[in-house]
Amino acid sequence: LDYEVILLAAGQGKRMAASRNKILLHLIGKPVISYSLNTFLSDPACKHIVLVAQEDEQELLAALVKKETKKKKCHITIVSGGSERQYSVYNGLNVLMNLENIVMVHDGARPFVNLAQLKSLHRKVQETRAAILGVPVKDTIKRVIDGIVQETVPRETLWQIQTPQAFYAKDLLAVHKCAQQEGYLGTDDASLIEKYSHLAVSMVLGSYENIKLTTPEDMLIGEAIVKRKRS
Ligand code: CTP
Ligand code: MG
């Protein structure tokens, strides 16, 4: 079963504190968004890319997409985002080709997801209906209230969650509608599945390289990752 992807690029990139949206910043010669766009384009199972973008950046992104898709036959749609990530995903869900399809949701600010990870996520979602990428937490995590440590959270069961996250489109649309009705905002798509459906979400081991570029130092780490991949 093929899949469609909602590729999120409609944020502001405020914490990056750059002069433009971080997904357009250049990372060793290419805009950040091009990396994940190309990875999805290289996956034969990916049949439709929905690029969610701010209105005033759509023209620029359309030109970029045109360049990247010259020889590839993947369908690409550009739609407008919303004021919150969750609303941007919802706008993407509304232009999918077929709600019977699998949908992956991916942060455009995560350039380093690779084809092997897409394939294992795709395999898993077909088995279990909901699957997400992540890695075990490396640091010690404590719960802190008013500057005072309350407890050390046992680390063995803690994972850092990444994207892509994969679901059946109709399942994801249903839980987004529930969240909208209650005015609930989740920090990722899986949290809506957890809250509003009975589906169990499967964890797929990603990689510590699949970082989200969030603050300025992340760009330096990103450059190092690109260089290592090239050497
Ligand atoms: N995103 C989106 N629509 C929004 C908010 C975020 O499509 N209303 C996208 C971003 O473009 C990014 C991804 O969701 O690819 C993850 O969000 P985040 O890292 O928080 O990006 P920004 O919201 O752009 O950054 P910040 O929170 O620092 O402003
Ligand atoms: Mg944000």
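## A tour from the ligand outward

Start by selecting ligand 1: of the 18 residues around it, G13, K14, R15, S88 and K212 come nearest. A residue counts as near if one of its heavy atoms lies within 4 Å of the molecule or strand in question. This is a predicted model, in which local features need pLDDT of at least 70 and side-chain atom pairs count only at pLDDT 80 or more, while totals for chains, interfaces and linings use all residues. Residues are numbered from 1 along each chain as its sequence is written, chains are lettered from A and ligands numbered from 1 in the order in which they are written, and side-chain values use heavy atoms, with hydrogens and water left out.

**Stop 1: the ligand and its backbone partners**

Show the backbone of Q12, G13 and K14. A backbone N or O atom of Q12 lies 3.0 Å from an oxygen atom of ligand 1. For G13, a backbone N or O atom is 2.7 Å from a ligand 1 oxygen. K14 also places a polar backbone atom 2.7 Å from an oxygen atom of ligand 1.

Now colour the shell by residue type. It divides into 4 nonpolar, 7 polar and 7 charged residues. Here Ala, Val, Leu, Ile, Met, Phe, Trp, Tyr, Cys and Pro count as nonpolar, Asp, Glu, Lys and Arg as charged, and the others, Gly among them, as polar. Highlight β1 (3-9) and α3 (85-93): each supplies at least two residues of the shell around ligand 1. Helices (H or I, at least four residues) and strands (E, at least two) are DSSP runs, numbered from the N terminus.

**Stop 2: a histidine in β4**

Select H48, in strand β4 (residues 46-53). Is H48 buried or exposed? H48 is buried, with a relative accessible area of 1%. Buried means under 20% relative accessible area, exposed over 50%, and partly exposed in between (1.4 Å probe, protein chains only). Show the side chains of E4 and T77 as well. The H48 side chain makes a polar contact of 2.8 Å with the side chain of E4, and another of 2.6 Å with the side chain of T77. A polar contact is a pair of N or O atoms within 3.5 Å; within protein, one must be able to donate a hydrogen and the other to accept it, and residues adjacent in sequence count only if both atoms are side-chain atoms.

**Stop 3: strand β10**

Go to Q165, in β10 (residues 159-168). Q165 is buried, at 1% relative accessible area. Which side chain does Q165 contact? A polar contact of 2.9 Å joins the side chains of Q165 and D188. A polar side-chain atom of Q165 also lies 3.4 Å from the backbone oxygen of Q162.

Step back to P164, also found in β10. A cis peptide bond joins T163 and P164, with omega about 5 degrees.

**Stop 4: two loops with positive phi**

Select I28, in the loop between β2 (26-27) and β3 (30-31). I28 is not a glycine, yet its phi is positive, about 45 degrees. I28 is partly exposed, with a relative accessible area of 26%.

Finish at D146, in the loop between β8 (141-145) and β9 (148-153). Phi of D146 is near 50 degrees, a positive value in a residue other than glycine. D146 is exposed, with a relative accessible area of 78%.
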